[in-house]
Amino acid sequence: MWSCDTCGRPNQRNPLICETCAAAAPGADPHEVTLALQRDLAMESHLRGLAFWYRIGAVVFGVGFLALFAIIGGALLGTTPSLHGGNALWASAFGYVAMFVVALAAGSYVLGHYLGQFANGARLAAAILTIAGLAFSLLRFVLACVAYSKLSELYGDSGYFDARPSLMGPIAMFTLSAIWSVAIIVTLFSGRAAQVCAPAYRTI
């Protein structure tokens, strides 16, 4: 680790230039510094940030689900000590769901790991998964609108309710989710991200 003489920030990953202000490290070779200045530090930071959220999200989701699995499993074993017939079927189905969720969390962590190393396959996979997530959010929003419309008709016809259900909550949630997803998709499909994840970029 070294501290930059210009901005004073500590640097761990880059021994040639400051990751914050791109100033040369003390005693660094000028030719190597020139090559290092060709790096897109801003895009590298964006990709590392996305990789961090993939990893931390996988850990939080996986640990949370395992805790919920332990609580529900303990409750089921406490109420039905004998796993036969229907109980065994439910336990088996719950176990398969748990395995799928753990595999999903592990896959998200691995994706974040390789995205942090600027692997092009991880960049494309993350972009495709984000598009799929956005499509799922759109489908969920449409279904919510249909459900709210049915409830609005039901409440309006009953005459017992003065106010009908509001769509402000689903609209706000979908808007924020869509903005976040579109920003990630644009970042991952941008030319700068493709350049950073290209094999030639590793030689810089």
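I began with the outward side of helix H5, where the face turned away from the buried side carries the exposed residues Met168, Leu176, Ile179, Trp180 and Val186. I took exposed as over 50% relative accessible area, buried as under 20% and partly exposed as in between, with a 1.4 Å probe and protein chains only. Helices (H or I, at least four residues) and strands (E, at least two) are DSSP runs, numbered from the N terminus.

I noted that this is a predicted model, in which local features need pLDDT of at least 70 and side-chain atom pairs count only at pLDDT 80 or more, while totals for chains, interfaces and linings use all residues. Residues are numbered from 1 along each chain as its sequence is written, and side-chain values use heavy atoms, with hydrogens and water left out.

**Helix H5**

I then looked up the buried residues of H5, which are Pro170, Ala178, Ser181, Ile184, Ile185 and Leu188. They lie on the same side of H5, because they cover an arc of only 135° around the axis; the arc is that of the directions from the helix axis to the C-beta atoms. An α-helix has 3.6 residues a turn, so residues three or four places apart point the same way.

I checked the length of H5: its 21 residues reach 30 Å from the first C-alpha to the last, close to the 30 Å expected at 1.5 Å a residue. The expected span is 1.5 Å times one less than the number of residues.

I examined Ser181, which is placed in H5 (residues 168-188). Ser181 counts as buried because its relative accessibility is 8%. Leaving aside neighbours within four places in sequence, Ser181 is in contact (heavy atoms within 4.5 Å) with Thr130 and Leu134.

**Aromatic pairs**

I searched the whole structure for aromatic pairs and recorded two. Phe52 and Trp53 form an edge-to-face pair, because their ring centres are 5.4 Å apart and their planes stand at 70°. Rings of Phe, Tyr and Trp (its six-membered ring) pair if their centres lie within 6.5 Å; planes under 30 degrees apart count as stacked, over 60 as edge-to-face and the rest as tilted. Phe52 is partly exposed at 44%, whereas Trp53 is exposed at 56%.

Phe141 and Phe174 are stacked, with 4.7 Å centre to centre and 10° between the planes. Phe141 belongs to helix H4 and Phe174 to helix H5, so the pair ties together parts that are 33 residues apart in sequence. Phe141 is buried at 18% relative accessibility.

**Two loop residues**

I looked up Phe118 in the loop between helix H3 (86-116) and helix H4 (120-158). Phe118 has a positive phi of about 60°, although it is not a glycine. With 10% relative accessibility, Phe118 counts as buried.

I found Ile17 in the loop between strand E2 (10-11) and helix H1 (30-36). Ile17 is buried, at 1% relative accessibility. Ile17 and Ala36 are 19 residues apart in sequence and 6.9 Å apart in space, C-alpha to C-alpha. Not counting residues up to four places away in sequence, Ile17 touches several residues, among them Trp2, Val33, Ala36 and Leu41.
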